[in-house]
Amino acid sequence: MDTMTEQKQRVLSFVQSSGTPTLGNYLGAFRNWRGMAAENDCIFGVADLHALTVRNTPADLRRRSVELYAWLLALGLDPEKNVIFMQSHVPAHAQLAWVLNCYTAFGEASRMTQFKDKSKQHADNVNVGLFTYPILMAADILLYQADKVPVGDDQKQHLELARDIAVRFNGLYGDVFKVPEPYIGKKGSRITSLTDPEKKMSKSDPNERSFVLLTDDNDRIAKKIKSAVTDSEALVRYDPANKPGVANLMTIYSCCTGKDFDAIEQEFAGHGYGDFKAAVAEAAIAEIEPLRAEYQRIVSDKATLEQCAKNGAEKAAALAFKTLRKVMKKVGFWQV
Ligand code: TYM
């Protein structure tokens, strides 16, 4: 096939500015974003509109948004070649979300497990935004006619909803939206909590020992991994159903070193969990340390960050507007 005429695929994904990114975000999503960036036409964003579904101090939300934007650059994503922007800088997201709200059934949105979980977590603030959040996410994706959306396992159901909405809309109005495919990595798509391996590792977990943050220093990373919950068998074996804590640490180790589970089992045959955890910590540190250094360099350069975010928003807005105009025409808005 003539590679010169082959169309690049459009890859798109976002991270919510709800806190400092974790090792889970990195292994489940960021790593794949970076891996796909060279070969594809990529759009990456910080979803600050989504972060408003829980209460924030305005100054904190602003700081976290800038920091996450800096993290995307620290990963090595190139703001010249890729589009890297803030969701709230492009009004088309909220505009398309409104239209898509009107094409989503209440029952469909009610089935989202993340809504059910978050409603329990934030029982004092179950707002309508939390309920319609997946529809805003569908707008994020469909605006850019994305082919592939690299996400962790927890976003799979939201992606399915985006696909259903796209198919429904196309059925009514012709081919308006590309129907996106999820891209979920074979390993690392669900990194679990270090203190409760049945739960996903999450930056909003109140127990700080449950997650590794990308900003944690080496000592902290080592301490958290060494105190991770395992079991009493003292055997490094991949068995997620019966040994979820060990399986999680093996996954982290495998993602950071490239070794497969068989090789890891052999490497630690006859060793206790102490040696194994020390090796996992060392591998995680080797992965995170250079990223953290790059992040610290970038986050202090506010002028460059602002310029990149402005350029990114301009490029994103131009792409988004094309789809939005088409949608507005199709649904029957008067265009003058
Ligand atoms: P967010 O900010 O919770 O997470 C960002 C990405 O990290 C993945 N992830 C994980 N992967 C593996 N193990 C974990 N423990 C883990 N925790 C998080 C998530 O699956 C995600 O890929 N709603 C989205 C952001 C969003 C979005 C979008 C994504 C908004 N619009 C459009 C894709 C397309 C979210 O809150 O991700």
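**Close-up views of a predicted model**

**View A. Ala-234 in a loop between two helices.** Ala-234 has its place in the loop between α9 and α10, the latter spanning residues 244-257. The structure shown here and in the other views is a predicted model. The phi angle of Ala-234 is near 55 degrees, which is a positive value in a residue other than glycine. With a relative accessibility of 43%, Ala-234 counts as partly exposed, because that value falls between the 20% and 50% cut-offs.

**View B. Gln-145 in the loop between α7 and β4.** Gln-145 is found in the loop that lies between helix α7 and strand β4, where β4 covers residues 148-150. For Gln-145, phi is near 55 degrees, again a positive value in a residue that is not glycine. The relative accessible area of Gln-145 is 21%, and the residue is therefore described as partly exposed.

**View C. Lys-224 within helix α9.** Helix α9, made up of residues 218-226, contains Lys-224. Is this lysine, Lys-224, buried or exposed? Its relative accessible area is 5%, which is under 20%, so Lys-224 is classed as buried. The side chain of Lys-224 makes a polar contact with that of Asp-216, at a distance of 2.7 Å. When neighbours within four places in sequence are set aside, the residues in contact with Lys-224 are Leu-194, Glu-208, Arg-209, Phe-211, Val-212, Leu-213 and Asp-216.

**View D. Val-299 in helix α12.** Val-299 belongs to helix α12, which runs over residues 273-299. Val-299 has a relative accessible area of 16% and is therefore counted as buried. Apart from neighbours within four places in sequence, Val-299 is in contact with Glu-67, Ala-70 and Leu-305. Val-299 and Leu-136 are separated by 163 residues in sequence and, from C-alpha to C-alpha, by 28 Å in space.

**View E. The parallel strands β2 and β3.** Strand β2, comprising residues 41-47, runs parallel to β3 and is joined to β3 by four bridges. Which residue of β3 is the bridge partner of Ile-43? The partner of Ile-43 is Val-83. In strand β3, which covers residues 83-86, Val-83 and Phe-85 point one way while Ile-84 and Met-86 point the other way, and all of these residues are buried.

View F. In the side chain of Asp-154, an N or O atom is 2.4 Å from an oxygen atom of the ligand, and in the side chain of Asp-140, an N or O atom is 2.6 Å from a nitrogen atom of the ligand. Gly-152 instead places a backbone N or O atom 2.8 Å from a ligand oxygen atom. Of the 720 Å² that the ligand exposes when taken alone, 97% is buried by the protein. The elements giving two or more residues to the shell around the ligand are β1 (10-16), α1 (23-37) and α7 (128-142).

**View G. The make-up of the shell around the ligand.** There are 27 residues around the ligand, and those that come nearest are Gln-16, Tyr-133, Asp-140, Asp-154 and Ile-191. Which element gives the largest share of this shell around the ligand? That share, five residues, comes from β1. Sorted by class, the shell around the ligand consists of 12 nonpolar residues, 10 polar residues and five charged residues.

Technical notes: Residues numbered from 1 in each chain as written. Predicted model: local features only at pLDDT ≥ 70, side-chain atom pairs only at ≥ 80, totals over all residues. Heavy atoms only, no water. Near = heavy atom within 4 Å. Polar contact = N/O pair within 3.5 Å; in protein donor to acceptor, adjacent residues only side chain to side chain. Areas by Shrake-Rupley, 256 points an atom, 1.4 Å probe, with all protein chains shown as cover. Nonpolar A, V, L, I, M, F, W, Y, C, P; charged D, E, K, R; others polar. Buried < 20%, exposed > 50% of the residue type's maximum accessible area, 1.4 Å probe, protein only. Pairing = 2+ DSSP bridges. Contact = heavy atoms within 4.5 Å.
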